[in-house]
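Here is a short tour of how the chains in this model meet one another. Have the structure open as you read, and follow the contacts topic by topic.

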There are 4 protein chains.
Amino acid sequence: MGSFKGHALPGSFFLIAGLWWTGKYSLWYATRRNKNIGSTRLSSRASQRRLEIIEGSVILFFSFVGMLLEQFVANGPRFQLYDFAEKHWEDLMNWQHATMYLFFGLTGTVSLIIHTTEAAPLALDRLMLAISFFNEGFLFMYHLHGRTMLDVHVHLLLLYAVFGQALVAFLEVFHRGNIILELLRCTLTILQGSWFWQIGHVLYPPHGPEWDLKDPSNMMFITMCFSWHLAFAMLVVSVLFCTVNWVVRSRLKRTPPMEMGLLKPRDRDPESEDEIL
Amino acid sequence: MGSFKGHALPGSFFLIAGLWWTGKYSLWYATRRNKNIGSTRLSSRASQRRLEIIEGSVILFFSFVGMLLEQFVANGPRFQLYDFAEKHWEDLMNWQHATMYLFFGLTGTVSLIIHTTEAAPLALDRLMLAISFFNEGFLFMYHLHGRTMLDVHVHLLLLYAVFGQALVAFLEVFHRGNIILELLRCTLTILQGSWFWQIGHVLYPPHGPEWDLKDPSNMMFITMCFSWHLAFAMLVVSVLFCTVNWVVRSRLKRTPPMEMGLLKPRDRDPESEDEIL
Amino acid sequence: MGSFKGHALPGSFFLIAGLWWTGKYSLWYATRRNKNIGSTRLSSRASQRRLEIIEGSVILFFSFVGMLLEQFVANGPRFQLYDFAEKHWEDLMNWQHATMYLFFGLTGTVSLIIHTTEAAPLALDRLMLAISFFNEGFLFMYHLHGRTMLDVHVHLLLLYAVFGQALVAFLEVFHRGNIILELLRCTLTILQGSWFWQIGHVLYPPHGPEWDLKDPSNMMFITMCFSWHLAFAMLVVSVLFCTVNWVVRSRLKRTPPMEMGLLKPRDRDPESEDEIL
Amino acid sequence: MGSFKGHALPGSFFLIAGLWWTGKYSLWYATRRNKNIGSTRLSSRASQRRLEIIEGSVILFFSFVGMLLEQFVANGPRFQLYDFAEKHWEDLMNWQHATMYLFFGLTGTVSLIIHTTEAAPLALDRLMLAISFFNEGFLFMYHLHGRTMLDVHVHLLLLYAVFGQALVAFLEVFHRGNIILELLRCTLTILQGSWFWQIGHVLYPPHGPEWDLKDPSNMMFITMCFSWHLAFAMLVVSVLFCTVNWVVRSRLKRTPPMEMGLLKPRDRDPESEDEIL
């Protein structure tokens, strides 16, 4: 998958996932904070559960597509793991990427099971997410052997975002619904997405000149560039967070919650799954 | 102990331990969640304590057997540590493995003491487990010097599982009874067990051709293979967890708890030791 | 910015920041502890918020000045990043330092937004601080390549303080208002400040002889010197903390809180923002 | 201080400190658990405070003595840091050791201040202890450069105990009075003490033959030996803990607390400082 597209595709997935999560968690945070003015109309517990189920299905679907793509693209292994005739492993890169998708697929499956049945504890979805990100970083870490300096460096920088996501998701097992951790994870997801695009541009520039992969000053620039991507990701998350909060509050103010009195207290209590933990 | 059997044996122990723990914690979790329909018939506090005592005895017994085996197998040191005639240490490998068993034996002993007397705080069993796993990883880490690349790599991968178990057990000191951590530890235990089998197959293939221990593509495959073992371990734990939960619930539904009214509330309160912390 | 001044300037900033924070947190701690004798006169919630706004503005202002200085000093890049004529990056050092200031500027901005509006959760300012320090350490870590031994070593020692600050600030996200963590962060900030001065003196001695940057015994001395700076920072923080506590208590004792009876309990309740979390 | 005595001395201090702490924390734990049968006679809050003050003074005294010894032994620097005539640092080893003692002296001072006045928060003594151990490990880490393999290795193993102590003491800032953490710290302290003796025996054997400092099998043995020291330390702590608990309980049973009825509830409430946090 050593190509510009091969990096732009997962990059786009992570960008979209980061934006989606930012919107979702911002909405739920706004809902929780504005309970007294009837915010539960915007995001009831049932609608939250529906959102989670849709999210799980989408993740499962795209992981499945990703796995198939890795197996059947031009030079894919087509489910053949070992070439017994020539005695070598077939396209280990593709198999490794397919393994990464497999774990994200498992995350989607677990999320689906948790939110459609009562079989498993809620926090399991965060643990699975942490394991998936850890597995991604783990596999990336061990397939950099023997590449050129800058190639190794851009992938090492990626690991900061990936292992950061794994750590934050693991902390969320114990601090579920903590908006700080949720936004931090969103930031790191967007960072990972935009950094995949950057890697594609550095290693396989679609237009313009090649990068000198052995120049130390390129390495210094790329390090700083990672900081800029982080600043950019923080900016995007902040703007989205503030917009969602502002929209929720202004919509609530326009339409006073007249029907509130009709609800029994019992019905309104556990609006979010996070709170019933 | 450099042989196929020498890896398959501890592998089998850890596999069985992982399955046993998964069943135990799943049963207790199901019991805790279905209290209102009389689940305490299936697992009372006394029966939990009995289980722990049996588990501690079994661990102690097998650790003892393991220590003796390491001392008295074909080339064992038979409790001789230093050969003063030829001035060298006797079979350090066997002594190191015996030391690992020693720590697991101590864990079993502590568990026995905690659950038969009131002498020590409950959380001590998790601390001892964490120390045992840490000690195992610590000794493995320092006996890889000078081996071939793939040999070192498969043992390094083992360390992820071992130190992971140590960390999770240490976290359980503070979060006892957290089902997420318990299942994670079970998963890592099964992973360690199945990985021991894999190491045996790679270094001492019982049938089929030898592995080239210096081929980088073998190293890449083995890394990915570790991920697959992890996915397999997660699958096994999930299936066992769901089965136990389903069985508990269906058994409870068939036989309504008629005798519940006869129990005084005081008797039913602390069903599990975890809750009285 | 390789000059004595280039290290003394940020050093002074961090020294002042450390002293300021020590004073601030000591005052608030004294206020909280002496509530019953009317300490809220000295530091009400409104005055705390005003302090935070001033602090945010000052940080924002100096970060902005720092960025401009890095761009427009004698050899600065003047916002030119790449020299297309000679095909090399322009003054990457200055750009890296400007990036560090950028993150501290963002921290100031976030702090301002949090304390003037209700848009975002309070703990976000600590997260931003943690990210800023992490970013500083991250950039320092990757620009030591190819320097002489002692040069690398003094900067590595700096990283202990910087990453320590990042970690403590991150812990404060979950333990806001914990005086132990706050004082630890103050200590590390003063340590960073005084260590910047030390680096300046070692690499660019303003008077006296040059240091031999390759002498191992110099390296040993510098390591120990870092410990002394830490001890010095702890001393400064302790003295300041005790002085503030003593002043608060003696002032409160001189002027009995006669007007206390006039306040309704409701008005006095949430004196500090930390407590209303 | 490269001599057998130079390692046996600090080793003895740490051994005594470990035993003392084990006894202290076991007594307080037994006191807390047996409140209902009048254990407060054995260890009231005032007596706990007195113990802490004595402990602080003793630590301060021996740290002071240690510092003086390091300065004035046979080849000590006698407070001369730099030899301007021959342009080299004077006895950096002794200065480094003196710096370690300085930090432990500061810990004793802080402990004294905390327990005699109300000036500072209680948890500060654990933070200072964590910093002292961290500082010890930090200085050891950077003075191993250029030594022989086994010399480096035995000191590296020491760092496991030292940094372990630092970590546990830091965790105690947040979990004060947690008996598990306290006993773990005691174990690591005894481990450090006995390991100092081991280092002395390996590097400067007082009788018997020299060790071959370059033999890899010696390194393997020493690693395992560290595990045995850990097992030994755990044994010592367990035996002491159980003995203290047994003595407390049997003494309480012999003399029923007849005077209990005379105490007002208010007087008996905060028996330990840990509980009033």
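A salt bridge here means a side-chain nitrogen of Lys or Arg within 4 Å of a carboxyl oxygen of Asp or Glu. By that rule, chain B and chain A have zero salt bridges between them. Please keep in mind that this is a predicted model.

**Where chain B meets chain A**

- On the chain B side 27 residues take part in the contact, and on the chain A side 29 residues do.
- Together, chain B and chain A bury about 2,500 Å², and 80% of that area lies on carbon and sulfur atoms.
- Although the count of salt bridges between chain B and chain A is zero, there are five residue pairs in polar contact between them, both residues of each pair being at pLDDT 80 or more.
- On chain B, the side that touches chain A draws at least two residues from each of helix 1 (4-33), helix 5 (149-174), helix 6 (179-203) and helix 7 (216-254).
- Of the elements of chain B, helix 7 gives the most to this side, with 14 residues.
- Sorted by class, the side of chain B that touches chain A holds 18 nonpolar, seven polar and two charged residues.

**How the two copies are related**

**Where chain A meets chain C**

- In this contact chain A supplies 27 residues and chain C supplies 29 residues.
- The area buried between chain A and chain C is about 2,500 Å², with carbon and sulfur atoms giving 80% of it.
- What does the count of salt bridges between chain A and chain C come to? The count is zero.
- Polar contacts do cross the interface of chain A and chain C: five residue pairs are found, both residues at pLDDT 80 or more.
- Helix 1 (4-33), helix 5 (149-174), helix 6 (179-203) and helix 7 (216-254) of chain A are the elements that give two or more residues to the side touching chain C.
- Helix 7 of chain A provides the largest share of that side, 14 residues.
- The side of chain A that touches chain C is made up of 18 nonpolar, seven polar and two charged residues.

Notes. Residues are numbered from 1 along each chain as its sequence is written. Chains are lettered from A and ligands numbered from 1 in the order in which they are written. This is a predicted model: local features need pLDDT of at least 70, side-chain atom pairs count only at pLDDT 80 or more; totals for chains, interfaces and linings use all residues. Side-chain values use heavy atoms; hydrogens and water are left out. Contact means heavy atoms within 4.5 Å. Buried area is the accessible area (1.4 Å probe) that two parts lose on being put together, summed over both. A polar contact is a pair of N or O atoms within 3.5 Å; within protein, one must be able to donate a hydrogen and the other to accept it, and residues adjacent in sequence count only if both atoms are side-chain atoms. Helices (H or I, at least four residues) and strands (E, at least two) are DSSP runs, numbered from the N terminus. Ala, Val, Leu, Ile, Met, Phe, Trp, Tyr, Cys and Pro count as nonpolar, Asp, Glu, Lys and Arg as charged, and the others, Gly among them, as polar.
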